[in-house]
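Trainee: Please take a close look at one part of this model, the pocket. What lines it, and what surrounds that lining?

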Amino acid sequence: MQTMNNYKWIGSEEMSTTIPIGKHRSLFLVIILGGLTLGIYPFYWMYQTTKELTEHTQSYLLSPGWSIFFTIITFGLYSLYWWYKMNELLMEAQYEAGYS
């Protein structure tokens, strides 16, 4: 590993051994199941995705349960903030995996 500006860069030989962050979910399937369950499945997807990413990065800025609660009581406005924070966590996870 090389260190540059207090960041660790992982070489390509180490990237092949990285463990997947979470379960792969098809966007098409999320949309279909969202329609079939009358909008309940996207909340399940939101919960699971938040849980997996926060556990992987060990950054508990978002709570899966509270994220769903705030999304419901704000009629979806909180989900904009949720997407913003999830993007930060995803970038952190990609950096840790060596995909920076």
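Mentor: By class, nine nonpolar, five polar and three charged residues line the largest pocket. Here Ala, Val, Leu, Ile, Met, Phe, Trp, Tyr, Cys and Pro count as nonpolar, Asp, Glu, Lys and Arg as charged, and the others, Gly among them, as polar. The model is predicted: local features need pLDDT of at least 70, side-chain atom pairs count only at pLDDT 80 or more, and totals for chains, interfaces and linings use all residues. Residues are numbered from 1 along each chain as its sequence is written, and side-chain values use heavy atoms, with hydrogens and water left out.

The largest pocket has a volume of about 440 Å³. A pocket is an open set of points on a 1 Å grid over the protein atoms alone, where a 1.4 Å probe fits, with protein on both sides within 12 Å along at least five of seven lines; lining residues have an atom within 4 Å of a point. The volume is the space filled by probe spheres set on the points, which are joined across faces, edges and corners. Of its 17 lining residues, Arg25, Trp45, Thr49, Met86 and Leu90 are the closest to the centre. H2, H3 and H5 each give two or more residues to the lining. H5 gives the largest share, five residues. Helices are DSSP runs (H or I, at least four residues), numbered from the N terminus.

Now H3, residues 41–57. Its buried residues (under 20% relative accessible area, 1.4 Å probe, protein chains only) include Trp45 and Thr49. H2, H4 and H5 are among what covers the buried residues of H3. Just after H3, Gln58 takes a positive phi of about 55°.

How values were computed. Expected span 1.5 Å × (residues − 1). Buried < 20%, exposed > 50% of the residue type's maximum accessible area, 1.4 Å probe, protein only. Contact = heavy atoms within 4.5 Å.
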